[in-house]
Amino acid sequence: MKSIRKYMNLLGSLFIVTLIFTISATSVSASSAALRADIIKCDPNPAQIGQYVNIWIKIENIGNTRAEDVSVELIPLYPFSLDAGDDTVRNIGILSPDRHASLEYHLYVDENARPGTRSIKVHYQDDESTAWKEKTLDIWVGAGSDTFDSRGTIQLEQIKTEPEVLMPGDEGTVTFTLKNTATQYSITIDGEEYDTNARVRSATLVSIDDIEVNSDPYHDTGILGQGDTVELTYNIKVNDTARYGTKHLEFIVVGSSYTYNYNWDIPIKVDSAGIKLIPTKPMILENGVATLEFDIVNTHPSTLTSVSIKPQAEDIEFSPMEYFIGSMDHDELFTVEFDAITVSDNISTPVDLKLTARYRNGYNQHETAIDELSLAIVFVESNGSNELMGIGILVAILAVSGFLIYRRNKNKNK
């Protein structure tokens with residue numbers, strides 16, 4: 001009996017130890033931050049065979065938890081190498097949510113390398129107790145013929161977001177218009193003549209925690225002559241849990257070896273406001289009928305389309321069944337009316353009323369509903385019998401008066 005009790009105690013102890021270990025592991029996993037690694041700049045670009053190239057790697061905390069002790073390890077792959085003595089592992093330390101750190105590395109490109117896309121690997125961890133994560137990053141390696149000594153300057157001429165203001169869960173597009181601002185075909189610097197062409201090697205729109213970019217980067221979009229423009233469009237999706245406000249995406253454009261790389265901050269507006277429904281008349285059906293009136297207001301910062309309003313209540317019919325408004329600008333107000341009539345003799349009062357607004361923000365379908373309304377039904381007795389009695393008395397008075405006047409006139413004539 002004692003041996004069984006000892007065995008049961010041992011099992012209980014093992015269970016408690018296992019439970020503590022599981023809870024501890026879960027809490028460590030839940031507290032880990034979400035890190036992302038990207039190359040944000042490469043100089044020169046493309047990297048030249050037999051020469052050094054400087055690269056900047058951005059480590060960003062895209063999670064909701066602070067990273068306590070971030071470390072990064074660069075692993076060069078052929079044809080790249082670090083000089084002897086350069087640290088492959090670097091410690092960043094604390095990295096709060098939505099914050100990033102940039103690390104610069106000086107790599108040598110082997111003289112026997114061939115042109116094309118080559119890779120390096122980056123390992124990173126948010127704490128020394130967590131596992132290393134790996135990301136493969138690409139670097140374009142080109143020969144001397146892949147670069148050109150042009151002096152055109154690229155300008156971000158226009159940003160167009162469709163829809164203009166997105167709602168949580170929306171999908172949309174961002175279109176950039178890039179322009180070569182040169183006004184002449186060539187310029188002379190220190191006695192040397194240069195053309196004013198500009199090249200877009202690559203153009204990348206970088207995702208953030210609240211907005212996901214679903215389009216791949218553009219590569220080698222061609223040469224822009226003086227005054228030429230090019231449009232680049234990216235598909236984006238707003239997270240369902242995104243809070244309202246202005247979010248900021250990063251738009252990175254890489255030119256040739258002798259042009260600047262461009263890094264633009266792109267504001268994207270997110271707002272959850274939509275259609276507001278306001279009753280403007282008493283919600284009462286007198287003797288089973290009424291005309292109900294509502295003000296419809298677009299509280300969203302941009303235009304909404306295909307707006308329609310639909311009332312629903314048990315044992316009550318509405319005309320029209322659904323009211324189509326169409327497009328509504330920001331802060332526009334539209335008044336709608338519905339004729340309501342009861343279709344049952346056993347209807348109870350009050351009756352719950354649900355009012356639904358359907359509308360589009362861009363191509364995204366949305367719906368707003370109010371289900372806290374109620375309709376009171378009152379029955380009023382008809383005054384028709386009293387009115388007839390009054391009319392009868394008036395007719396009798398007129399008849400008597402007429403008879404008396406007739407007799408008086410007749411006596412006078414005698």
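Student: Which residue in strand S9 does Ala47 stand opposite?

Tutor: Strands of a sheet pair through backbone hydrogen bonds, either parallel or antiparallel. In this predicted model, Ala47 stands opposite Val141 in S9, and the two bridges that join S2 to S9 (residues 133-142) belong to strands that run parallel. Residues are numbered from 1 along each chain as its sequence is written, and because the model is predicted, local features need pLDDT of at least 70 and side-chain atom pairs count only at pLDDT 80 or more, whereas totals for chains, interfaces and linings use all residues. Side-chain values use heavy atoms, with hydrogens and water left out.

Student: What is the strand order of the open sheet that holds S2 and S9, and which are its edge strands?

Tutor: The order of the five strands is S2-S9-S8-S4-S6, with mixed pairing. Strand S2 (47-48) and strand S6 (89-95) form the edges, each pairing on one side only. The protein chain as a whole has two helices and 30 strands.

Student: Is Leu74 buried or exposed, and which residues does Leu74 touch?

Tutor: Buried means under 20% relative accessible area, exposed over 50%, and partly exposed in between, with a 1.4 Å probe and protein chains only. Leu74, in strand S4 (residues 67-76), counts as buried because its relative accessibility is 2%. If contact means heavy atoms within 4.5 Å, Leu74 touches Ile57, Leu82, Thr88, Tyr105, Leu107, Ile120, Lys121 and Val122, leaving aside residues up to four places away in sequence. Ile120 is 46 residues from Leu74 along the chain, yet their C-alpha atoms are separated by 7.6 Å. Across the protein chain, 37% of the 414 residues count as buried, and among contacts between residues at least 6 apart in sequence, 67% join residues at least 24 apart.

Student: Where is Trp140 placed, and what is its relative accessible area?

Tutor: Trp140 belongs to strand S9 and is partly exposed, with a relative accessible area of 31%. With residues up to four places away in sequence not counted, Trp140 touches Asn45, Pro46, Ala47, Gly116, Thr117 and Arg201.

Student: How many bridges join S29 to S30, and in which sense do these strands run?

Tutor: Strand S29 (residues 351-361) is joined to S30 by 10 bridges, and the two run antiparallel, with Tyr359 opposite His366. Two residues lie between the strands of this hairpin, where Gly362 takes a positive phi near 70°. Strand S30 (residues 364-378) also pairs with strand S23 (residues 284-286), here in the parallel sense over three bridges, and Val378 in S30 is the bridge partner of Glu286.

Student: Which strands each supply at least two residues of the lining of the largest pocket?

Tutor: They are strand S1 (35-43), S9, strand S15 (202-206) and strand S20 (245-254). A pocket is an open set of points on a 1 Å grid over the protein atoms alone, where a 1.4 Å probe fits, with protein on both sides within 12 Å along at least five of seven lines; lining residues have an atom within 4 Å of a point. The largest pocket is lined by 29 residues, of which Ile39, Asp138, Thr204, Pro217 and His219 lie nearest its centre.

Note on methods: Two strands pair if DSSP finds at least two bridges between them. Helices (H or I, at least four residues) and strands (E, at least two) are DSSP runs, numbered from the N terminus.
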